[in-house]
Amino acid sequence: NFNVAENESYLQFELRAASRVTIAPSVAERTREKITSTDEAYTTILTDTNIKHAIEKLRDHGLVIIKGLLPPEQTVPWGNVVLEDFTSAVETLKNHQSRPVDLLNPDKGQFEPLSYKEMAMREDLRVDLRSGPSMEKLRSQENNLASEAMAGSNVIDVGSQPTIITADTMGTAGSSWRYHPSILAILKGLFNPRDDSLSKGNFGRWNFGGNGPDGSPQPFRLGQIGSVVSCPGSGDQAIHADTPHLFEHTDCHPCHYCNVFTPGYKVTNDQTDNPSVQNEFVDGLWTGSSTMGGTALVYDSHRLSVSAMLLAESDDGNDNDNASLRRQLLELLTLRPALDAGDLVIFDNRTLHYGIANTSKGDTTGKDSNAGRRPMLYLNVTQSWFHDPKNWDDRES
């Protein structure tokens, strides 16, 4: 029921569709809370109305984009430590005694990379990094500060394991973006759709010391901060969904698994036009650019009916007749949000998506080997009863 307007281009439609899933906080929301008492860095705290809108967009369309929710002072340091650990992993694997792997030259290496407990390959030049010495140090610091700030919330962080978030966990703005109060409020609402006239009948909630049918949000698992690092030269990923639908008798049951994405870098979009920007450096400091790509997401594709319409083959053998139309529809519904530092995307993991190619030049001056590498930070969030069997290998390090 979201149709193309007359004479509307693909880009015009994409902009209009993106506006339907975007929340742009007000000035008042952007200055509601400082992240420390000694500086002028603020974090955005959404109103209850915008939190409700974010939940509705996620349920209706499979994603929500929130502009400027997070202070870059909390996200960019994570991008920096991710790249430190990635650089270390590249050198360690390249110099491995028995099984050397060249992550940056996948066509030249003698051995294919494995999945490791700290890192898993997603495709050539694109890796999922969940742990490393620098990441663990920052993780421990932030989680300890958050635990102190949320004393009484029964939040327990153990290494790289997910944290159980309960109804009384309100979050904290000053310690870590992972516990941002607005993010936790959105996730509670997303995972706990409720009809007040029915929730009073859920008497099973008395079990195991529960509070009974009080309608309060039930627990969910909040993953630790990880990052997908896309290196210069990485291509478009194959389109995919990160999790299956649990049931196939209804178009879209409530969300059981979602991702939270935010850039771990600052962005400049004038790389080619500004003479002061060379090799993605501004005044001697490296910064990301629009050539580093991002993540493309397919509008409404968390619904079985939409995914089937876009990707399923015809049952009558006349698939060629519909293939061109399906390709056009898929292109039309694919959004490629341009995220700045502090912007956030939350998406239902049944949503079709793919990483966009990183076409940046990388380091051509020798100033910084990390130039052009894109650290997209993420949180994996699931219902408390759901387990995601990702392709990590806890036996390989």
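Which residues is isoleucine 186 in contact with, leaving aside its neighbours within four places in sequence? They are Leu46, Ile51, Ala54, Ile55, Leu58, Ile66 and Ile346, where contact means heavy atoms within 4.5 Å.

## Basis of the report

This is a predicted model, in which local features need pLDDT of at least 70 and side-chain atom pairs count only at pLDDT 80 or more, while totals for chains, interfaces and linings use all residues. Residues are numbered from 1 along each chain as its sequence is written, and side-chain values use heavy atoms, with hydrogens and water left out.

## The chain as a whole

The protein chain has nine helices and 20 strands. Helices (H or I, at least four residues) and strands (E, at least two) are DSSP runs, numbered from the N terminus.

Of the 397 residues in the protein chain, 48% are buried. Buried means under 20% relative accessible area, exposed means over 50%, and partly exposed lies in between, with a 1.4 Å probe and protein chains only. Among contacts between residues at least 6 apart in sequence, 72% join residues at least 24 apart.

In soluble globular proteins, nonpolar side chains tend to be buried together. A nonpolar core is a set of buried Ala, Val, Leu, Ile, Met, Phe, Trp, Tyr and Cys residues joined through side-chain atoms within 4.5 Å. The largest such core in this model has 53 residues, and Trp177, Ile186, Leu222 and Val381 have the most contacts inside it. Helix H4 (residues 72-94) supplies the largest share of this core, eight residues. A second, separate core has 23 residues, including Ala17, Leu63, Leu310 and Phe347.

Why is helix H6 (residues 181-191) described as largely enclosed by the rest of the structure? The description applies because nine of its 11 residues are buried. The buried residues of H6 are Ser182, Ile183, Leu184, Ile186, Leu187, Lys188, Gly189, Leu190 and Phe191.

Threonine 43 lies in strand E3 (residues 42-43) and is buried, with a relative accessible area of 0%. A polar atom of its side chain lies 3.4 Å from the backbone oxygen of leucine 69. For reference, a polar contact is a pair of N or O atoms within 3.5 Å; within protein, one must be able to donate a hydrogen and the other to accept it, and residues adjacent in sequence count only if both atoms are side-chain atoms.

Arginine 32 is found in the loop between helix H2 (27-30) and strand E2 (33-34). At 49% relative accessibility, arginine 32 counts as partly exposed. Apart from residues up to four places away in sequence, arginine 32 touches Thr43, Ile45, Leu46 and Thr47. Arginine 32 and threonine 47 are 15 residues apart along the chain, and their C-alpha atoms are separated by 9.9 Å.

## Residues in loops and end segments

Is histidine 253 buried or exposed? Histidine 253 is buried, with a relative accessible area of 10%, and is found in the loop between strand E9 (226-230) and strand E10 (257-263). A polar atom of the histidine 253 side chain lies 3.1 Å from the backbone nitrogen of leucine 246. Leaving aside neighbours within four places in sequence, histidine 253 is in contact with His245, Leu246, Phe247 and Arg350.

Leucine 125 has a phi near 65 degrees, a positive value in a residue other than glycine. Leucine 125 lies in the loop between strand E5 (119-123) and strand E6 (126-129) and is buried, with a relative accessible area of 14%. Phi of asparagine 7 is also near 65 degrees. Asparagine 7 is placed in the segment before helix H1 (10-20) and, at 75% relative accessibility, counts as exposed.

## The second largest pocket

A pocket is found on a 1 Å grid over the protein atoms alone: it is an open set of points where a 1.4 Å probe fits, with protein on both sides within 12 Å along at least five of seven lines, and lining residues have an atom within 4 Å of a point. The second largest pocket is lined by 21 residues, of which Phe191, Asn192, Pro193, Gln218 and Gln383 lie nearest its centre.
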